[in-house]
Amino acid sequence: MQSLAMIENWPVPTAAAAVVRADGRVSGSHGPASHRFPLASVTKPLAAYAVLVAYEEGAVELDEPAGPEGSTVRHLLSHTSGLAYDEDRVTAPPGTRRLYSNAGFEAIGEHVAKVTDIPFGEYLRQAVLEPLGMVSTTLDGSPARDGVSTVDDLVRFAAELQAPRLLDPRTVLDAMTVDRPGLSGILPGYGHQKPNDWGLGFEIRDSKSPHWTGGSSSPRTFGHFGQSGTFLWVDPDAGAACVALTDRDFGPWAVEAWPPFTDAVLAELRS
């Protein structure tokens, strides 16, 4: 795909990107696809998928208590637990606001580790990484931000999101459906969004503006971006997903570069 070559113009030391179709076919790849990049918050979708495996295995229930008083597993995954951004402090009653929270994902990691008696990083490896052949992906630290991976590995994950093998497709559909519609909140890097829609571990584009995906991205697009200059989106209407990893922190360069890149990828897919 010629559009992927646009990453060569990004002001970053190293970048790699790829597009994978809903049938698992890789439409194109550009850059060092086997280079390991810190994922930052692109770790969260991987962690959420492991939690959903734990749910299907019967280790957890989505509506069981977890995190602060009154919060559940579902609250933690959808950023509605009331926990602050980066500290174990409650700032709102559960279910009332969309407060993006690293602390919430750390709480869910601790919860799964406790009920399974397996460290969360190891549970992620056994539940998701190993079955998908993601041999270059590791999580040593916070399930909110400490993953390290490659484009090659995340292409495997993006293919799984589009045609699930590890989970019942109905579970994946639930995760990609807006949880508690209508809640507003801050989308990090893009300001206040009303509504600020999320599923279970995945941000849902809907009508957000500004946004890190493209102007032509469908409202059903879901995924995540990371402060390390990384993103993964799946556009069900386009029947494709895109992964881009860099080694420069998110900033104005990404706000400027990512949407036209996504629009170019989608235009090439349509043609």
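The model is predicted. The chain holds seven helices and 11 strands. Its radius of gyration is 17 Å, close to the 18 Å that the globule rule gives for 271 residues, so the chain is as compact as a globular protein of that length.

**Dimensions and packing**
- Along the principal axes, the C-alpha atoms of the protein chain fill a box of roughly 50 × 40 × 35 Å.
- Of the 271 residues, 56% are buried.
- Among contacts between residues at least 6 apart in sequence, 57% join residues at least 24 apart.

**Surface and charge**
- The accessible surface of the protein chain is about 10,800 Å², and carbon and sulfur atoms account for 50% of this area.
- There are 21 positive and 34 negative side chains, and the centres of these two sets are 4 Å apart.

**Salt bridges**
- The count of salt bridges comes to 13.
- E203 pairs with K208 at 3.2 Å between the closest N and O atoms, and both E203 and K208 are buried.
- D237 and R220 form a salt bridge whose closest N and O atoms are 2.7 Å apart. D237 lies in the loop between β10 (230-235) and β11 (240-246) and R220 in the loop between β8 (203-204) and β9 (222-226), so the pair ties together parts that are 17 residues apart in sequence.
- D237 is exposed at 51% relative accessibility, whereas R220 is partly exposed at 48%.
- R25 bridges to D23 with the closest N and O atoms 3.6 Å apart; R25 is partly exposed at 47%, and D23 is exposed at 58%.
- A network of salt bridges links D63, R74, D174, D179 and R180.

Technical notes. Residues numbered from 1 in each chain as written. Predicted model: local features only at pLDDT ≥ 70, side-chain atom pairs only at ≥ 80, totals over all residues. Heavy atoms only, no water. Helix = DSSP H or I, 4+ residues; strand = E, 2+ residues; numbered from the N terminus. Rg over C-alpha atoms; globule rule 2.2 N^0.38 Å. Buried < 20%, exposed > 50% of the residue type's maximum accessible area, 1.4 Å probe, protein only. Contact = heavy atoms within 4.5 Å. Areas by Shrake-Rupley, 256 points an atom, 1.4 Å probe, with all protein chains shown as cover. Lys, Arg positive; Asp, Glu negative; His and termini not counted. Charge placed at Lys NZ, Arg CZ, Asp CG, Glu CD. Salt bridge = Lys/Arg side-chain N within 4 Å of Asp/Glu carboxyl O.
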